[in-house]
Amino acid sequence: MKTIVLANQKGGVGKSAIATQLAHYFHRLSYSVLFIDLDHQQNSSRPLRLHGDVTCAAFSACQLMDADSRPEFPKVDFLLVPGSADLSTLERRPERHNHFASRLRTILSEMTCFDVCIIDTNPNPDIRYGSALICADYLLAPIQLNQEAMEGIAALLDHPRYGLARKKAVLNARLVFLGLLPNMVEPTPFQRANLRLLISRFSSRLLSARTEGGEWFAQIPKRSAIAEAQAASVFLPDLEKTAARHAWREIRPAFELIADRMGLGHGKRRFA
């Protein structure tokens with residue numbers, strides 16, 4: 001099983017929408033998907049619960065981390081381990097922090113019935129966020145093109161306790177940073193200027209690919225169809241609107257690049 005964590009130490013960057021739509025994308029490629037929502041706000045859990053292909057586990061993500069024994073996972077091909085309000089209490093139990101992290105890592109390392117695990121994290125750096133990075137094979141960091149979010153990149157990469165550099169050096173050498181992924185991008189002069197600044201300062205940290213025309217930097221445009229798909233609890237291309245089809249054509253290259261970097265690009269079957 002390959003595990004990807006979506007993380008950013010700033011909220012409101014659209015991380016949960018990318019996580020849920022990416023989960024649908026992998027499932028459409030015929031991979032079996034395990035989705036773990038570590039955010040007590042449950043922005044991923046709500047749309048996934050209502051999708052007909054998704055089975056909701058009988059235990060929450062908080063119970064998963066706090067368990068003394070391995071919970072029983074149903075034999076399904078798309079499983080949600082939902083978030084819950086009590087996830088926010090885990091940070092206030094420092095005597096159990098090592099247990100939370102090791103329990104999650106042990107459970108995921110023993111998991112053989114899923115191809116892909118997607119973990120959506122809370123924005124504040126705490127034991128949930130740290131545990132996810134310890135367990136992950138890949139990290140993807142959606143960001144917005146505003147000054148506050150760009151200033152937060154340093155914390156994401158270099159936080160003294162929960163930064164990518166520390167987790168990779170000390171606790172998870174196999175962790176691969178897929179890159180920063182600008183999200184909710186609009187063609188305004190302000191955002192264009194911030195994108196140029198982002199590329200000039202962090203080009204090596206962006207999710208990108210070499211093309212015949214040079215380096216291509218992946219991004220997710222701001223489209224109302226994405227919010228509508230989330231509200232309707234559906235995969236974006238299944239939303240029966242022309243705007244949704246157009247939005248999917250814009251987003252699909254970024255998802256294909258993510259899958260390719262994870263070694264999952266061809267899928268178990270072709271996604272038309």
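I traced an open sheet of 7 strands, paired in parallel, in the order 3-4-2-5-1-6-7. Strands pair if DSSP finds at least two bridges between them. Strand 3 (55-56) and strand 7 (176-182) are at the edges with a single partner strand each, so one side of each lacks a neighbour in the sheet. Helices (H or I, at least four residues) and strands (E, at least two) are DSSP runs, numbered from the N terminus.

I noted that this is a predicted model, where local features need pLDDT of at least 70, side-chain atom pairs count only at pLDDT 80 or more, and totals for chains, interfaces and linings use all residues. Residues are numbered from 1 along each chain as its sequence is written, and side-chain values use heavy atoms, with hydrogens and water left out.

I followed strand 6 (residues 138-143) along strand 7: they pair in the parallel sense over 6 bridges. Pro-142 stands opposite Leu-181 of strand 7.

I then checked Asn-183, in the loop between strand 7 and helix 9 (189-202). Is Asn-183 buried or exposed? Its relative accessibility is 5%, so Asn-183 counts as buried (under 20% relative accessible area; exposed is over 50%, partly exposed in between; 1.4 Å probe, protein chains only). Leaving aside neighbours within four places in sequence, Asn-183 contacts Val-13, Gly-14, Ile-18, Ile-143, Gln-144 and Ile-220 (heavy atoms within 4.5 Å).

**Helix pair**

I looked up helix 4 (residues 97-109) against helix 5 (residues 127-135): the angle is about 35° and the axes are 9 Å apart. Axes are lines fitted to C-alpha atoms over the stretch in contact, and angles run from 0 to 180 degrees between N-to-C directions. Among the contact residues are Phe-100 and Leu-104 of helix 4 and Ile-127 and Ile-134 of helix 5.
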